[in-house]
Amino acid sequence: MEAARPYFDTPLAELPGFGPKRADVLAKTGIVTARDLLHFYPRRYLDRSTTTLVADLRPDGPAVTIVGTVRAMNTVVGGKMRFELLLEDERGGTIKGVWFHGVQWISRSFKKGERLAFHGKPQAFGSTWSLTHPDFDRLDADGPALDTGRIIPLYPGGQAFDRAGLSNRILRRLLYTLFKEHGLEIEADPMPPEIVQRYRLLDARVALRAVHFPKSADELDAARRRLKFDELFHLQLLLALTKGAREHVPGAVLSVEKGPLLQSFLTDVLPFRFTGAQDRALDDVLADVSSGRQMNRLVQGDVGSGKTVVAVAAMLHAVDHGYQGAFLAPTEILSEQHAANLARYLEPLGLQHRLLLGGQRKKLRAEYLDDLANGRAQIAVGTHALLEETVVFQNLGLAVVDEQHRFGVMQRAAMFAKGERPHMLLMTATPIPRSLALTLYGDLDVTVMNERPAGRKPIQTRVFSEKRRGEVMEFLKHQLREGRQAYVVYPLVEESEKLDLKDAVSGYEQLQAELRPYKVDLVHGQMFAYEKDEAMQRFKSGETDVLVATTVIEVGVDVPNATVMLIEHAERFGLSQLHQLRGRVGRGGEQSYCLLMADVKRTREAEERLEIMADTDDGFRISEFDLRQRGAGDFFGTRQSGLPDLKIADVVQDLDVLQQAREAAFALAAVDPRLSHPQHAAIRTAFQRATKGKGLGYAQVG
Ligand code: ADP
Ligand code: MG
């Protein structure tokens, strides 16, 4: 006999109270079964502690929630058409809601006597309070008053829900019935009891009921924590299983001892000593490559922390053991720069490298490929040209991916497929908050390099408006007289590439005239690669003093004598870009400066970005802020795809829960890497459901 379908797998359309119209609207937001509805969490709650009386409002106060009854409505036609609604709270205080958009629709949306909750930042006009386009929720006219201590859940919804007869009031009623009549059919807690106990989790069934119908604020907190834990646990379990599967791939076993080439590089060739952070990063690498397992390490180091030499050291360690190394970089400029550095470092050691770029002459490329295949060259460096199938190594042991965030997962995989699955060392100069690293790179080992070479002075950052351009130019000239060099960067926004380029070109012409006799050069994205390289080389060698550029110089470029980074239209740049650009200076012993020219008409977000830039040059703090400003979804971008959704957890705000969930998930994966133990059947089902049936599949890869 076939097992009966669990009640909560029933499509909503088949349940009383839903019907095709409501089910349809819900399906559009991904809510198809009764179970999905259980996991449709309120976005807000109302109770005494979260609402404000009109009498308590203060000018310039924070956003508030005001609950009241609709007393009057009025569509004003003269001037700018608008709809006004007067809401009266329980003490007789009144506030006006005002709508300028969608007046037709909104004016038909309310009834006199209806109870509403307004959310927003009220403004005072004389003695009248008002809220423009308030966020609002409808409350039950006959429902319990807020002062009875009940906590009322408010669901996301909006017009489509309202039109389908799915107001908050109705949703609450439908859910209430679901719990009352079928609550016992919700599956028992699938989490292994050890985990429930160890992390003091509220029972899963109780948590689901309580997130919709909390009996107290404490119960609600415990319920939310439990549901967050579950989401983050599934995410971390996915990473733990994937990582576990990959670790069964044996790696080339290298010794943990430094060989002669590496020793000599560190003590004789390098003109400086490693920083503590560089030493620790190298130690992590040596421990990985001697473990018998495949290294998969991400080194996160802020701009200028000196990742390149760590990469070189790692490759030399491979060469010491008879393997080759590869160094993959995202741009030709960077590849050229790495090749130039390698030439300096490798020559005294009697080693050879080859630079592979797209568009190289056939004959030259054939020669290089031959050298790599025969082992005549020990190290390859280059762009994605390195990834082509024709590039075959004699014995590739370790591959570095520089600025790895610029490459996709597939490209990383392509590098990994070369040779006998080389050890992988990934480098990123986009510092990622720890929370995000755990989430995005939870399947990698992470080393943080949080120290810059000794003797570096913090970069001074200032924001200027157009009015003060004269001052800025004087300062620039002063630095040039001191023998320093400067970058001047213009934004390049894809949609209007031509227009922006015009900006950069005219800026370049103006500077040329104004800064004579200093030499000004231009580099931008529409130049040929060799032209860009030549311009970079001229700047690097000191032949030119000022380099005007679009953001092509963003990553990796290293010219220690440059001390000024002047950014035009700074308000148009994102935070991580600003930070990357600023990282092009402050690379030598001299005091460096970052000057941000910004339009005075800027958004509040732009203002905050400029403020934090002026405030700190700690990349971790900056990216933490960036993440907060843009929200996790935007920050993750497309890379998040394939990972389970987070409906209630927030990787930034719930870092403590994330860490506990991670610990629990990794411990479970360690004892049962395929989730095949019978006592884990329930969590296996829950995990497969959370990963849309793919989780265990990922876990077998490797
Ligand atoms: P990033 O981490 O941004 O890639 P780089 O590897 O380009 O940084 O290093 C920045 C600069 O610092 C380079 O000029 C490099 O030679 C120099 N550098 C690296 N390590 C040290 C060190 N330990 N002491 C002094 N200078 C160093
Ligand atoms: Mg670098």
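These legends accompany close-up views of a predicted model. Residues count from 1 along each chain as written, with chains lettered from A and ligands numbered from 1 in written order. Local features need pLDDT of at least 70 and side-chain atom pairs pLDDT 80 or more, while totals for chains, interfaces and linings use all residues, and side-chain values use heavy atoms, without hydrogens and water.

**View 1. The shell around ligand 1.** Here 17 residues surround ligand 1 (a residue is near if one of its heavy atoms lies within 4 Å). The closest are Arg273, Gly304, Lys307, Thr308 and Asp558. Helix H11, residues 307–320, gives the most to this shell, with 3 residues (helices are DSSP runs of H or I, at least four residues; strands are E runs of at least two).

**View 2. Polar contacts of ligand 1.** Look for pairs of N or O atoms within 3.5 Å. A backbone N or O atom of Gly304 sits 2.7 Å from a ligand 1 oxygen, and a polar side-chain atom of Arg456 is 2.8 Å from an oxygen of ligand 1. For Ser305, a polar backbone atom lies 3.4 Å from a ligand 1 oxygen.

**View 3. The open sheet.** Follow 7 strands in the order S6-S7-S4-S3-S2-S5-S8, with mixed pairing (two strands pair if DSSP finds at least two bridges between them). S6 (123–125) and S8 (135–139) are the edge strands, each with a single partner, so one side of each lacks a neighbour in the sheet.

**View 4. Strands S3 and S4.** Running antiparallel, S3 (residues 82–88) and S4 (residues 94–99) are joined by 6 bridges. Leu85 stands opposite Gly97 in S4.

Note on methods. A polar contact is a pair of N or O atoms within 3.5 Å; within protein, one must be able to donate a hydrogen and the other to accept it, and residues adjacent in sequence count only if both atoms are side-chain atoms.
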